[in-house]
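Please look through the sequence and the model below before reading on. The paragraphs after it are meant to be read with both in view.

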Amino acid sequence: SNPVGLALDLRLGATVLTDPGNHLFQATSTARPLVSGRVNLLTYTEDFSNAVWQSGGVTLTPAATVAPDGTTSAYSCSEGTGTSLHYFVEHQVTYVTGQTYSFSIFVKKVDSKYVRLFSYSDGAAWMAAVFDLDTGLVAATDASGTSWGVVSAGVSPAANGFVRLSVTFTSGTSSAADTGFAMSDSTDFGFYGLEPAYAGTNRSVHVWGAQVEYGEATFDYQAILTDGSTYPATGFPIFQKFDGTDDGMATA
């Protein structure tokens, strides 16, 4: 017959599985087997004005148009007219060398032809993919630095005139790496996977819903509207995330 399974997490300092305090909401918060449905590793994924996102050479304007989810929450990203790089990045993701990740964001063309997704570390190693918004195709991919590599890149349709751009890559660092979006006027690769600095002409696009996740497959977008310490679980896979040192399964 099928036994009933009981998942237990040992109280911090316990030496046997039957020691009291073995439950999901025990007092020792750092030893709880957290219930988790999180896929997206980024934070503030629809709030590009938040301090976790840093920009250069662009103006980010909130509530500029209707996003793929039907809310007026998409940003306008407009390049400045100075000769510079035109981008915004988040610094919050800590990658693992050799691990595969996918980075995606929703984009709607206004009057810019080329945009790119990129990630870089240590001021030298990087990966990037350039997309042609006129053709809806991947224009170019490249990577530089030990272990960094682009596995694939793609474009898929989304609601309200958006497309979802994605790039799957192999990380070449086991530390935090900047990951972000850039405006472009060519498919050239240069500084950090961005092209050499160019003089902007106030071209713009609409952007919404950034995501970094493990693996090659791109999951449905998951909104992480805060710093990620709390996030909605409804509709996402739920599992017990043990800490790997004092956990176990026992029959009831």
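This is a predicted model: local features need pLDDT of at least 70, side-chain atom pairs count only at pLDDT 80 or more; totals for chains, interfaces and linings use all residues.

Residues are numbered from 1 along each chain as its sequence is written, and side-chain values use heavy atoms, with hydrogens and water left out.

The protein has 18 strands and zero helices, where strands (E, at least two residues) and helices (H or I, at least four residues) are DSSP runs numbered from the N terminus. Of its 252 residues, 45% count as buried, a term that means under 20% relative accessible area with a 1.4 Å probe and protein chains only. Contact means heavy atoms within 4.5 Å, and among the contacts with a separation of 6 or more, 68% are accounted for by residues 24 or more positions apart.

In soluble globular proteins, nonpolar side chains tend to be buried together. A nonpolar core is here a set of buried Ala, Val, Leu, Ile, Met, Phe, Trp, Tyr and Cys residues joined through side-chain atoms within 4.5 Å. The largest such core has 34 residues, and those with the most contacts inside it are F48, C77, F88, I105, F181, V205 and V207. Two or more residues come from each of β4 (58-65), β5 (74-79), β8 (100-109), β9 (114-121), β10 (125-132), β13 (163-170), β14 (178-184) and β16 (204-214). Another core, of nine residues, lies apart from it and includes V89, F118, A182 and Y192. Once neighbours within four places in sequence are set aside, the contacts of C77 include V58, L60, F88, F181, V205 and V207.

S78, which is placed in strand β5, is buried with a relative accessible area of 18%. Leaving out neighbours within four places in sequence, S78 is in contact with G57, V58, T59, N202, R203 and S204.

Strand β10 also takes part in a hairpin with β11, with four residues between the two strands, and G136 in the turn has a positive phi of about 70 degrees. β10 and β11 (residues 137-144) run antiparallel and are joined by seven bridges, where two strands pair if DSSP finds at least two bridges between them. Within this pairing, F131 stands opposite V138 in β11.

Where is there enclosed space? A search of the whole structure finds one cavity of 30 Å³ or more; a cavity is a set of points on a 1 Å grid over the protein atoms alone where a 1.4 Å probe fits but cannot get out, and lining residues have an atom within 4 Å of a point. The largest cavity has a volume of about 30 Å³, a volume being the space filled by probe spheres set on the points, which are joined across faces, edges and corners. Its lining consists of L85, H86, R116, A182, M183, S184, L194, E195 and Y198, and β14 gives the most to this lining, with three residues.

Two further residues complete the tour. H206 lies in strand β16 and is buried, with a relative accessible area of 15%; not counting residues up to four places away in sequence, H206 touches residues including A64, Y75, F106, V107 and F162. T168, in strand β13, is buried with a relative accessible area of 3%, and the C-alpha atoms of T168 and G149, 19 residues apart along the chain, are separated by 8.8 Å.

Methods: Buried means under 20% relative accessible area, exposed over 50%, partly exposed in between (1.4 Å probe, protein chains only). On a 1 Å grid over the protein atoms alone, a cavity is a set of points where a 1.4 Å probe fits but cannot get out, and a pocket is an open set with protein on both sides within 12 Å along at least five of seven lines; lining residues have an atom within 4 Å of a point.
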